[in-house]
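Reader: I am new to this structure. Please show me how to read a few of its features.

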Amino acid sequence: KIEIYQIEDTLDNASVIFRPSERVKNEEGRLPSRLYQKVYEFESTAPMDCEDVFVIFNLDRPADYSGRSVSTSDVVALDGVPFFCEPVGWTIVEWEERNNA
């Protein structure tokens with residue numbers, strides 16, 4: 001299962017959208033789940049990594065996808081493991097307790 005999470009603009013009072021993980025994480029080093037919403041979820045029959053997801057959701061988005069292009073500060077969860085999109089590459093991160101997933 002692959003999930004895409006993006007910061008909800010209206011909740012971003014600290015202007016952390018499109019920032020690296022070190023600017024987004026809370027004092028405990030976790031992502032503030034209250035800022036994020038799940039914008040898409042799908043199953044893939046082929047093995048995929050974060051770069052595959054990045055390419056698909058920037059160059060050939062599914063017709064039913066309504067989120068932004070995948071970019072810095074977005075999270076791609078692969079089988080429940082959250083990867084943060086950094087300015088260059090991906091970092092495994094931890095969520096605060098999630099109430100909106």
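Reader: Is Ser-15 buried, partly exposed or exposed?

Author: The model is predicted, so local features need pLDDT of at least 70 and side-chain atom pairs pLDDT 80 or more, while totals for chains, interfaces and linings use all residues. Residues are numbered from 1 along each chain as its sequence is written, and side-chain values use heavy atoms, without hydrogens and water. Buried means under 20% relative accessible area, exposed over 50%, and partly exposed in between, with a 1.4 Å probe and protein chains only. Ser-15 has 42% relative accessibility and therefore counts as partly exposed.

Reader: Where are Ser-15 and Ser-73 placed?

Author: Helices (H or I, at least four residues) and strands (E, at least two) are DSSP runs, numbered from the N terminus. Ser-15 belongs to the loop between E1 and helix H1 (21-24), and Ser-73 to the loop between H2 and E3.

Reader: In what order do the strands of the open sheet come?

Author: Two strands pair if DSSP finds at least two bridges between them. The five strands run E2-E1-E3-E4-E5, with antiparallel pairing. Strands E2 (36-42) and E5 (90-92) are at the edges with a single partner strand each, so one side of each has no neighbour in the sheet.

Reader: How many bridges join E3 and E4?

Author: Four bridges link E3 (residues 75-78) to E4 (residues 81-85). Ala-77 has Pro-82 in E4 as its bridge partner.
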